[in-house]
Amino acid sequence: MADLTWTPGNSMRGEIKLPGDKSISHRALMLGAIADGVCRITGISTAEDVNSTAACLRKLGIKIDRRGHKVAVHGQGAGGLAPAKTVLDAGNSGTTIRLLAGILAAQPFTSTITGDESLRSRPMRRIIEPLEQMGAQIESTDNRAPLTLRGNVLHAIDFASPVASAQVKSCVLLAGLFAKGVTRVTEPFHSRDHTERMLREMGVSVHTSAAMSAVKGPAGVRPCDIDIPSDISAAAFFMTAAALMPNSEVVLNNVGVNPSRTGIIDALTAMGAQLRLDEVVELNHEPRARIIARSSKLKAVTLGGAMIPRIIDEIPILAIAATQAEGTTTIKDAGELRVKESDRIAAIADNLKRMGASVRELKDGLAITGPTPLKGAEIESHHDHRIAMAFSIAAQIASGETLIKNIDCINISFPGFIETLQMVQSD
Ligand code: S3P
């Protein structure tokens, strides 16, 4: 595991190449696998998490041809998956295990799926409960991975999820494709809706209203070509960096701007960041745009409620922005951050304190008072890609050197992040 020493940058300028959206990439592979024919995908993410999904599907007998960012998934139809000869490994990826569990629960064979140490510690009861209500048979120890799913005939349910989670919602909706009747999921707040959009693109009728999504099963999935936009969660690091650094301007092309993901744009704009969106187009039911971000003077905001699922992966980088904003930024209702790839509330608070920020850890969030000059420090990534990347941006605006430990985890979502950051640094 490599550590990396960062020296602060002066400004950031240029056009940035971003990876394809990770959430959409997972879904394109999984829905492609159960589609009735070949799906051609362009712009797919090269992230390790997405590779984990592809590896699991290959073990389930799906042929996936890959050439760089282009992939052909040879879908075998609803009943076409084959039993895996060995345990499926989701690596670090919550999306892989939770979404795939929805599909595996309905197959006429037994599968076991597990993951790395972080994934094996994350809560799975949130998917075990609804899947069992649908008739699935699942074995686990203490509701954690590994999960053994004994395929069963499923029936539709009306499920009120206690958490706003696209992984839970998508798991149940995917299982619902194989169940007879209408499967409905209601959430406390609307989470990202890429599954619903892609299902529509693939000919499945999906009903949505406010924070409810429903599919009628059994439903076949029609193969189609999918172009994946750049990942707004990856763009977030550069939008924020440009806002925080003097004399900076970055251009981010073809970024996915699905409204269930654009909380980062709304939050940064409310903080006073200069962001411009243009060239907005919609393809495969997913809008995308060019984003231009510039140096800005920031002020504090309060973020909570329905905003949280819209910024769930961007809170680490927003916390860095908050250290440079005038006043106290409060992030609340974000207890879900404690069960991500690491306990992100604790990881952000600890690392920000090391850099001299004024931060208070709350049960379900953070209170950060700024502006405070950050100083270089030794940072623990906790093997969490978003913590490593957020603190690489903090290192850019700090005085002195910063050492980030175990930065290899960045490849989980953004291979090439460090090279990209080095490329856009300017004097
Ligand atoms: C994801 C949903 C989010 C997000 C994760 C990807 C997805 O998790 O944090 O990185 O692709 O569905 P939850 O829906 O569990 O909050």
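The protein exposes about 15,400 Å², of which carbon and sulfur atoms supply 50%; accessible areas here come from the Shrake-Rupley method with a 1.4 Å probe, and for residues only the protein chains shown count as cover. This is a predicted model, in which local features need pLDDT of at least 70 and side-chain atom pairs count only at pLDDT 80 or more, while totals for chains, interfaces and linings use all residues. Residues are numbered from 1 along each chain as its sequence is written, and side-chain values use heavy atoms, with hydrogens and water left out.

Of the 427 residues, 60% count as buried, where buried means under 20% relative accessible area, exposed over 50%, and partly exposed in between (1.4 Å probe, protein chains only). The C-alpha trace spans about 60 × 40 × 40 Å along its principal axes.

The protein contains 14 helices and 24 strands, taken as DSSP runs numbered from the N terminus (H or I for helices, at least four residues; E for strands, at least two). Its radius of gyration is 21 Å, close to the 22 Å that the globule rule gives for 427 residues, so the protein is as compact as a globular protein of that length; the radius is taken over C-alpha atoms, and the rule is 2.2 Å times the number of residues to the power 0.38.

Turning to charge, the structure holds 27 salt bridges, each defined as a side-chain nitrogen of Lys or Arg within 4 Å of a carboxyl oxygen of Asp or Glu. One of them joins the side chains of Asp193 and Arg197 at 2.9 Å, N to O; Asp193 counts as buried at 11% relative accessibility, and Arg197 is buried at 15%. Another salt bridge links Arg290 and Glu279, whose closest N and O atoms are 3.9 Å apart. This pair connects distant parts of the chain, with Arg290 in strand S17 (residues 286–294) and Glu279 in strand S16 (residues 274–283), 11 residues apart. Arg290 is partly exposed at 22% relative accessibility, whereas Glu279 is exposed at 54%.

What is the nearest side chain of opposite charge to Glu314, which is buried yet has no salt bridge? That side chain is Arg261, 5.3 Å away. Glu314 lies in the loop between helix H10 (307–311) and helix H11 (315–323). Leaving aside residues up to four places away in sequence, Glu314 touches Ser233, Ala236, Arg261 and Ile264, a contact meaning heavy atoms within 4.5 Å.

Key:
Lys and Arg count as positive and Asp and Glu as negative; His and the chain ends are not counted.
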